[in-house]
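Q: I have a model open and would like to learn how to read its features one at a time. Where do we begin?

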Amino acid sequence: MQTSNGLRERKKRETRVALSLATIRLCVERGWDNVTIEDIAAAANVSVRTFRNYFSNKAEAVAAAHVERTLRIADEIRASPPGEPLWESIVAAVRANFAPGDSTGAEFGRWRDGVGLMLAEPALQGEVLKANAVAQDELARAIAERTGTDPAQDVYPKLVAAVVGAGSAVAIEHCLRAERPRPLGQVLREVFDRLAAGLPIPSDTGEHHDH
């Protein structure tokens with residue numbers, strides 16, 4: 001049973017996520033410069049003061065979604081069955097949180113264009129870098145717990161976390177820029193299959209691993 005502190009923390013995390021998602025949705029729909037903090041607060045049904053209790057600006061709110069997603073991935077890695085190979089646990093957690101409900105239709109095209117423009121926004125770059133550092137540390141801790149290693153002493157958990165972060169980033173960038181879009185979950189599977197195989201050079205450079 002959750003304590004009152006646990007419930008309070010969960011409520012704060014839910015509000016943080018709602019504000020972050022509202023920021024992303026509005027910026028994708030309207031463009032970065034056409035969204036105010038007042039717009040975001042209204043969309044999330046909170047006051048501007050509440051928004052400012054969580055974030056100092058739009059960029060911070062957008063970047064928070066990446067941290068939250070990584071927290072969920074870390075939680076799922078910790079909760080995965082003890083006998084399941086670590087890499088399988090990681091791939092399942094990443095795909096579940098990065099690519100739920102894949103699509104390649106017109107809606108996906110609008111999302112891709114909007115996210116691409118938003119990520120190109122200079123104001124967001126610094127916050128994304130900070131979010132990546134927090135996310136990688138959290139992932140390394142989860143991997144260390146799962147493998148019985150020490151993130152302060154052993155290179156393994158940080159190395160795996162860095163590889164997971166880099167692989168996910170490559171998959172997302174590929175989906176955002178590819179002339180012929182493929183579902184993100186499919187690209188993630190290809191990326192992690194190639195990593196698990198030791199990155200052999202493809203025999204056919206036009207090859208796609210469709211799963």
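This is a predicted model: local features need pLDDT of at least 70, side-chain atom pairs count only at pLDDT 80 or more; totals for chains, interfaces and linings use all residues.

Q: How many helices and strands does the secondary structure come to?
A: The protein has 9 helices and 0 strands. Along the sequence the pattern therefore reads α-α-α-α-α-α-α-α-α.

Q: What percentage of the residues count as buried?
A: Of the 211 residues, 36% count as buried.

Q: How are two packed helices described?
A: Two packed helices are described by the angle between their axes and the distance between the axes. Take helix α5 (residues 86–98) and helix α8 (residues 156–177): their axes come within 12 Å and cross at roughly 40 degrees.

Q: Which term describes how α5 and α8 lie to each other?
A: An angle under 35 degrees would count as roughly parallel, and 65 to 115 as roughly perpendicular. The crossing is at roughly 40 degrees, so α5 and α8 are oblique to each other. The crossing of α5 and α8 is right-handed.

Q: Which residues make the contact?
A: On α5 they are Leu86, Trp87, Ile90, Val94 and Phe98; on α8 they are Tyr156, Val160, Val163, Val164, Ser168 and Ile172. By class, the contact of α5 with α8 has 10 nonpolar residues, 1 polar and no charged.

Q: Is asparagine 97 buried or exposed?
A: Buried means under 20% relative accessible area. Asparagine 97, a residue of helix α5, has 9% relative accessibility and therefore counts as buried.

Q: What does the side chain of asparagine 97 make a polar contact with?
A: Its partner is the side chain of arginine 72, at 2.8 Å. Not counting residues up to four places away in sequence, asparagine 97 touches Arg69, Arg72, Ile73 and Glu76.

Q: Now isoleucine 40: where does it lie, and is it buried or exposed?
A: Isoleucine 40 is part of helix α2 (residues 37–43). Its relative accessibility is 0%, so isoleucine 40 counts as buried.

Q: Which residues is isoleucine 40 in contact with, leaving aside its neighbours within four places in sequence?
A: The contacts of isoleucine 40 are Leu19, Ala22, Thr23, Leu26, Val35, Phe51 and Lys58.

Q: How many residues apart in sequence are isoleucine 40 and alanine 61, and how many Å apart in space?
A: Isoleucine 40 and alanine 61 are separated by 21 residues in sequence and by 9.9 Å in space, C-alpha to C-alpha.

Notes. Residues are numbered from 1 along each chain as its sequence is written. Side-chain values use heavy atoms; hydrogens and water are left out. Axes are lines fitted to C-alpha atoms, for helices over the stretch in contact, and angles run from 0 to 180 degrees between N-to-C directions. Helices (H or I, at least four residues) and strands (E, at least two) are DSSP runs, numbered from the N terminus. Angles under 35 degrees count as roughly parallel, over 145 as roughly antiparallel, 65 to 115 as roughly perpendicular and the rest as oblique. A crossing is left-handed if the near helix is turned anticlockwise from the far one by less than a right angle, and right-handed if clockwise. Contact means heavy atoms within 4.5 Å. Ala, Val, Leu, Ile, Met, Phe, Trp, Tyr, Cys and Pro count as nonpolar, Asp, Glu, Lys and Arg as charged, and the others, Gly among them, as polar. Buried means under 20% relative accessible area, exposed over 50%, partly exposed in between (1.4 Å probe, protein chains only). A polar contact is a pair of N or O atoms within 3.5 Å; within protein, one must be able to donate a hydrogen and the other to accept it, and residues adjacent in sequence count only if both atoms are side-chain atoms.
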